[in-house]
Structures are given as C-alpha cells and as structure tokens.
Amino acid sequence: MMRADELLEQIDALQQSDLEAWIGEQLISPQQDTDVLVFSEMECARIRLICTLHYELEVDAETLPVVLSLVDQLYQTRQRLLKLTAAVAAQDDAVQTAILAAIDAGHSSGEKT
C-alpha cells in the first residue's frame with residue numbers, strides 16, 4: 001500500500017490536483033487508512049497508466065474514462081481467457097482434442113474473431 005504523498009513523490013509528472021480529480025471521477029479507488037488515502041499495487045499501476053495516457057500521450061480528461069473502460073474490458077477478457085484455458089487443460093485428452101477441433105472448425109469457416 002502506498003500513501004498519496006509517496007505516490008506524488010514517486011511519479012514526477014503526477015499533480016495532486018489531477019490525482020484528486022481522478023479520485024472524484026472514480027477512475028481510481030483509494031482506500032482510507034485512518035486519516036490518509038492509500039493505494040494498492042493495482043491502483044498504483046492504474047495511476048501510472050493514467051499518467052502515461054494523460055501526460056505522455058496527451059489523452060484528454062474527457063477521453064480517459066472511455067480508454068480506461070476499454071482497458072478494464074480487455075483485462076476482464078484476459079482473466080476469463082486464462083480461466084477458460086485452465087478449465088480446458090484440466091479436461092482429458094479427448095475433450096481437449098474436441099475443443100481444439102471446434103475452435104479450428106470455427107476459424108476455418110470464416111467466423112470473425
């Protein structure tokens with residue numbers, strides 16, 4: 001966990017006013033620890049991503065929620081794919097072969113991926 005002041009020290013470009021705005025817009029979700037806000041490792045990584053998007057790539061404040069929503073959807077899809085991969089790997093060889101054949105049949109029939 002990292003306090004807001006530590007985060008502001010660690011990320012040169014990060015402005016306190018931007019951090020407060022992102023919290024207000026619920027782009028990030030700190031936790032309250034007594035009288036100070038703290039950020040998990042995941043939230044710190046999200047803040048770094050927002051900083052890259054905003055300060056380096058010049059994504060404007062109105063567009064940030066859309067971009068972050070798409071990143072969140074991609075992350076969720078990746079997590080689901082990892083679970084699906086693990087579920088398929090837990091099946092016996094015949095089931096795995098049938099699943100791979102079905103995937104290949106769908107791909108070769110011209111379905112969009």
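What follows is a short chat about the strands and the pocket.

Modeller: It's a predicted model, so to speak of local features we need pLDDT of at least 70, and side-chain atom pairs count only at pLDDT 80 or more, while totals for chains, interfaces and linings use all residues. Residues are numbered from 1 along each chain as its sequence is written, and side-chain values use heavy atoms, with hydrogens and water left out.

Colleague: Which residue in β3 is the bridge partner of M2?

Modeller: Strands here are DSSP runs (E, at least two residues; helices are H or I, at least four), numbered from the N terminus. Two strands pair if DSSP finds at least two bridges between them. β1 (residues 2-3) and β3 (residues 36-39) pair in the antiparallel sense over two bridges. In β3, M2 is bridged to F39.

Colleague: And which residue in the β2–β3 turn has a positive phi?

Modeller: β2 (residues 31-33) pairs with β3 antiparallel over three bridges, with D33 bridged to V36. The two strands make a hairpin with two residues between them, and the one with a phi of about 55 degrees is T34.

Colleague: Which element gives the largest share of the lining of the largest pocket?

Modeller: A pocket is an open set of 1 Å grid points over the protein atoms alone, where a 1.4 Å probe fits, with protein on both sides within 12 Å along at least five of seven lines; lining residues have an atom within 4 Å of a point. The lining includes M42, R46, V71 and Y75. α3 (41-56) and α4 (64-89) each give two or more residues. The largest share, five residues, comes from α3.
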